Amino acid sequence: MNDQGQRTRFENQMLPLMPEAYNLARWFMKNEPDARDAVQEAYLKAFRYFESFQGDSGRAWLLRIVRNVCYDALRAKQSEHNIISLDEEAAAEVPDSKPSPNVLAIQNSTKLHIREALEALPLEFKTVIILREFDGFSYKEISDIVGVPIGTVMSRLSRARQQLAILLQKERENE
Amino acid sequence: MNCEETLALLDAYFDNELDLTKTLAIEEHLRDCASCRSQYELRVALRQRLKDPDLRYAIPDDFADQVRKRLAVSSRPATRILSFPSAVWVPVAIAAAAIFGAFLYANIQRMLPIGPASIVTEVASDHIRSLIGSHLVDVESSDQHTVKPWFAGKLDFSPPVHDFADQGFKLVGGRLDYVRGKNVAVLVYRFKNHYVSLFMCRERNPDADSKQKTFGYQGYNLVYWNANGLDCWAVSDAAPGALLEFVKAQQEEHSPQDEHS
């Protein structure tokens, strides 16, 4: 295939996936500029290696690259200030990432709670929840994207849901 | 199906990942068991909540254009160069996996208090889960010379692999699994109508009591032993006598000379 044909094929197949790619990166990176950088880098990488893509799921292939770029970036960030570990960082940054919540909290407390709970999950758990619940990937696809066995996907999902379910239960008790 | 088995497979059921037989068995259990049903309902409620479009981050207006422009000025390397990414990626992936594994280990350790699962229940649950049609084995072969090399590079040890078809335990294949935050080798054997999973990992604590022990868990039998620096667990719903024969066959093959072959 000539270069122009390859470019057109890439654009047709990969550019429509950008909303999903951005959402994933935005959840990982926790701010817009870092998410933009990650998605752009992932697309450039995907474009460079597009010829090696032979699977049938372009979505899974692209999101695997996005996920890897984000993990690399988070790891690099972490070694810059190597005091905090990835998941402590996730927990510590929650309060900064939302506007003063008082008014919103009254209007829609449950919405905020679920977002906070999801943000506070350890990275690996957050990853499987997003890929499963937001993007609807099968266990096999998640296993390919994340690079762990299917059984691990299932146990991570199970534990992530247990954590989130604790929150829902508490809410119900307070109602 | 009892509560433990149901809870081990509940997420797979909820995500439509089970075969028909297991699905029906779980549905039957959920009809009769209010406690498991409430676990299921929590998942339904959670999924409902996560459907909220406000939880998705919308792509900034100018961003798609920006990426398109950036791509337009980027040229792909020549095909010849394209052939090297895999060589570049392998060490990167291995390094990433190692670092990631370390994080994961820390996280999983921290998560443990949520489920008071002992290693016995964890190994048994992994065995039960593997019986979901789709992930019994990663490499399917009755040839030990196919199965053993498959593990190379995936673990920090090379598991001994033997077929015992002549004693009734036919090697089905192997898979990689995850126990207590560590990758473990699992060999799967078939004995009559039963599957036997043999879990192996490098021993965690060299001073630990390495005597053979047997456990029963929800109709499954487990045998633990330690051989040549490996912690071994055999799990099956086969009769205890048969499982002990399997263990004996394994132990006789696990001679130190063989270990280094």
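**Entry 1: the overall picture**

I noted before anything else that this is a predicted model. I then counted elements in chain B and found 10 helices and seven strands. Of its 261 residues, 30% are buried. I also looked at contacts in chain B with a separation of 6 or more, and 58% of them join residues 24 or more positions apart.

**Entry 2: the sheet of chain B**

In what order do the strands of the open sheet in chain B run? I read the order as β1-β2-β3-β4-β7-β6-β5, seven strands with antiparallel pairing. The edges are β1 (139-140) and β5 (213-217) of chain B, each pairing on one side only. Helix α9 (residues 240-253) of chain B packs on this sheet, and I listed its partners as β3 (182-191), β4, β5, β6 (220-227) and β7 of chain B. The direction of α9 makes about 20° with that of β6(B).

Next I went through two of the pairings. Strands β4 (residues 194-202) and β7 (residues 230-236) of chain B run antiparallel and are joined by seven bridges. I picked B:S197 and found that its bridge partner in β7(B) is B:V235. The strands β5(B) and β6(B) are also antiparallel, with five bridges, and there B:G216 stands opposite B:N221 of β6(B).

**Entry 3: positive phi angles**

I kept one reminder for myself: most residues other than glycine have a negative phi. The hairpin of β5(B) and β6(B) has two residues between the strands, and B:Q218 takes a positive phi near 50° in it. B:N228 has a positive phi of about 50° too, although it is not a glycine. I located B:N228 in the loop between β6 and β7 of chain B, and it is partly exposed, with 14 other C-beta atoms within 10 Å.

In chain A I found A:K30, again not a glycine, with a positive phi of about 70°. A:K30 lies in the loop between α2 (18-29) and α3 of chain A. It counts as partly exposed, with 17 C-beta neighbours inside 10 Å.

**Entry 4: two helices of chain B**

Which residues of α2(B) are buried? My list is B:K22, B:I26 and B:H29. They cover an arc of only 60° around the axis, so they sit on the same side of α2(B). The face turned away from that buried side carries the exposed residues B:L20, B:T21, B:L24, B:E28, B:R31 and B:D32. I checked what covers the buried residues of α2(B), and α1 and α3 of chain B are among the elements that do. As for length, α2 (residues 20-32) of chain B has 13 residues and reaches 19 Å from its first C-alpha to its last, close to the 18 Å expected.

I ran the length check on α7(B) as well: its 12 residues should span 16 Å at 1.5 Å a residue, and its end C-alpha atoms are 16 Å apart, which agrees. The buried residues in α7(B) include B:V123, B:A124, B:I128 and B:R129.

**Entry 5: where chain B touches chain A**

How many residues of chain B are in contact with chain A? I got 46, against 47 residues of chain A. Elements of chain B that each supply at least two residues to this side include α1 (3-14), α3 (34-50), α6 (85-111) and β2 (170-179). By kind, the residues on the chain B side divide into 24 nonpolar, six polar and 16 charged.

Is A:A38 buried or exposed? It is buried: 27 other C-beta atoms lie within 10 Å, and the cut-off for buried is 20 or more. A:A38 is in helix α3 of chain A. Leaving out residues up to four places away in sequence, it touches A:A25, A:M29, A:V66, A:V69, A:C70 and A:A73. I also took the C-alpha separation of A:A38 and A:D72, which is 9.6 Å for residues 34 apart along the chain.

A:D34 also has its place in helix α3 (residues 32-48) of chain A. This residue is partly exposed, with 17 other C-beta atoms within 10 Å. With the sequence neighbours up to four places away left out, A:D34 touches A:M29 and A:A73. Its C-alpha is 8.9 Å from that of A:C70, 36 residues apart in sequence.

Conventions
Residues are numbered from 1 along each chain as its sequence is written. Chains are lettered from A and ligands numbered from 1 in the order in which they are written. This is a predicted model: local features need pLDDT of at least 70, side-chain atom pairs count only at pLDDT 80 or more; totals for chains, interfaces and linings use all residues. Two strands pair if DSSP finds at least two bridges between them. Helices (H or I, at least four residues) and strands (E, at least two) are DSSP runs, numbered from the N terminus. Two residues are in contact if their C-beta atoms, placed from the backbone, lie within 7 Å. Axes are lines fitted to C-alpha atoms, for helices over the stretch in contact, and angles run from 0 to 180 degrees between N-to-C directions. Ala, Val, Leu, Ile, Met, Phe, Trp, Tyr, Cys and Pro count as nonpolar, Asp, Glu, Lys and Arg as charged, and the others, Gly among them, as polar. The expected span of a helix is 1.5 Å times one less than its number of residues. A residue is buried if 20 or more other C-beta atoms lie within 10 Å of its own, exposed if 12 or fewer, and partly exposed in between; C-beta atoms are placed from the backbone. The arc is that of the directions from the helix axis to the C-beta atoms.
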